[in-house]
There are 2 protein chains.
Amino acid sequence: MRYKCIVAYDGTLFHGFQTQGHLRTVQSEIEQVLLAINKEATMIYPSGRTDAGVHAHGQVFHFDSAIDIPEQNMKNALNTRLPRDIYIKDVVIVDEDFHARFSAIAKEYHYLIDFSERDPLLKNYRYYCPFHHVDIDSFIAAFKLFEGEHDFRSFTKNQQLSDTTRRIFQISAKQENALVTIKIVGNGFMRHMVRILVAMALEVGRNKITFERLKYIMEQKNRFLSPKIVPSSGLYLFAVYYSQEELKQRLKQDN
Amino acid sequence: MRYKCIVAYDGTLFHGFQTQGHLRTVQSEIEQVLLAINKEATMIYPSGRTDAGVHAHGQVFHFDSAIDIPEQNMKNALNTRLPRDIYIKDVVIVDEDFHARFSAIAKEYHYLIDFSERDPLLKNYRYYCPFHHVDIDSFIAAFKLFEGEHDFRSFTKNQQLSDTTRRIFQISAKQENALVTIKIVGNGFMRHMVRILVAMALEVGRNKITFERLKYIMEQKNRFLSPKIVPSSGLYLFAVYYSQEELKQRLKQDN
């Protein structure tokens, strides 16, 4: 039996998603619970990793189980045993050719950046930008430069990858008072990519570099030209898409 | 120089407001920073304590300083040194007869209770009610029973107090989908009082007791008749009022 799960988590107290020795990670917490449910070691396969401090509203993973447990019962069994900073939102039984990582066709990330005075109650859930005089419109316009298909080599930590070209289907931004939510939907994201893109667009908003310079940096495919990164606390893996239909629906929504 | 400060904090990682040996508390963190600023031990006096896990948007405290630092500089000096889960929102220099506790004429608490599936990202910031079939209208109506002047002895941990009568000026409730925010403004609140009041009103919403029974429990002034309490994660000290004018403005707002 293959189960597909949608999971939300508060990344604050995790050393990221993936198992790392004895550190507390989302994967190790879930696998520990599955060991209790399935009575045997059970590996989970996520759509991809998330880094320490990154949150998820809709991360997806799958696992196989030798016992046949109905979907709702599996969901309850997991949520009853999981710590309070992880919650399984949905469980469905899928075909054996479904793979959380390889079947994914797109992902959506959100980044929350706040230009007001910091609220200590929200410190782990957004980035309180310490810079004054940011032109928010230029920041958003600069971020929109990344829409389309580009080689993002300048903007990732994964310099050993042979193919660093990714397609960004859509970028949108919502502003409520001093809080800006950036939404980005693409066919794939490399390590630190979203956080570096936000940081570099912010350099344009701060008038430290021009639009043209940002385009030039992208074209140079040189990581050393974009040394900035914003904190993980503002980043959310919002959703993973597995069908063209789902993706089309999503892209229509912001148009 | 007497300074009045308005402070916000995320109660999650504090053992409450008040200093308790070597435990991490809001008071000990602030006093440690004031020691560095004033170069001498400086006590702070809050409007009252808050318990472990309780949050504040508008707690107030005062302290005296031998050095004369302008308000905005004092605010910056504090916020630069304070941990990220405490933030000083406002600093004003006040007369020496101002006392954060004794000059207060009213306080406002909010309680956030959510009847939907839990979101792991909000687990420390509201109470996810595990009970099904709560009649939200009855719950709110029951809570409104507490408006006015009453002896709240049945609803506090502080059984050694001689006077347990308090005046509740206003109770209001706001519902957004499955989230209910209860707002309560009163001239004073005893230990655990708001959390016990919410828990007992919830018993009415769950149809475990009647309105009449809740009134009877209040009249009995007997703590053993109200053994319930809701978690501190949903509770916020929203504001402390020091003038009739401020209080009047606030009470008008929800009428």
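In the predicted model described here, 14 residues of domain 1 of chain A are in contact with 10 residues of domain 2 of chain A, two residues being in contact if their C-beta atoms, placed from the backbone, lie within 7 Å. The side of domain 1 of chain A that touches domain 2 of chain A is made up of 4 nonpolar, 9 polar and 1 charged residues, where Ala, Val, Leu, Ile, Met, Phe, Trp, Tyr, Cys and Pro count as nonpolar, Asp, Glu, Lys and Arg as charged, and the others, Gly among them, as polar. Domain 1 of chain A covers residues 2-94 and domain 2 of chain A residues 106-253, with bounds that come from an automatic or database domain assignment. Between the C-alpha centres of these two domains of chain A the distance is 27 Å.

Residues are numbered from 1 along each chain as its sequence is written, and chains are lettered from A and ligands numbered from 1 in the order in which they are written. Because the model is predicted, local features need pLDDT of at least 70 and side-chain atom pairs count only at pLDDT 80 or more, while totals for chains, interfaces and linings use all residues.

Chain A contains 6 helices and 10 strands, helices (H or I, at least four residues) and strands (E, at least two) being DSSP runs numbered from the N terminus. With a radius of gyration of 19 Å, close to the 18 Å that the globule rule gives for 255 residues, chain A is as compact as a globular protein of that length; the radius is taken over C-alpha atoms, and the rule is 2.2 Å times the number of residues to the power 0.38. The C-alpha trace of chain A spans about 60 × 40 × 35 Å along its principal axes. Of the contacts in chain A between residues at least 6 apart in sequence, 71% join residues at least 24 apart.

Buried residues account for 37% of the 255 residues in chain A; a residue is buried if 20 or more other C-beta atoms lie within 10 Å of its own, exposed if 12 or fewer, and partly exposed in between, with C-beta atoms placed from the backbone. Strand S10 (residues 235-241) of chain A has 6 of its 7 residues buried, so it is largely enclosed by the rest of the structure. This strand pairs in the parallel sense with strand S3 (residues 55-64) of chain A over 2 bridges, pairing requiring that DSSP finds at least two bridges between two strands. Strand S5 (residues 106-114) of chain A runs antiparallel to S10(A), to which 6 bridges join it. Tyr236(A) in S10(A) stands opposite His55(A) and also opposite His110(A).

Between the chains, 14 residues of chain A are in contact with 14 residues of chain B. Strand S1 (2-9) and strand S4 (86-94) of chain A are the elements that give two or more residues to the side of chain A that touches chain B, and this side has 7 nonpolar, 1 polar and 6 charged residues.
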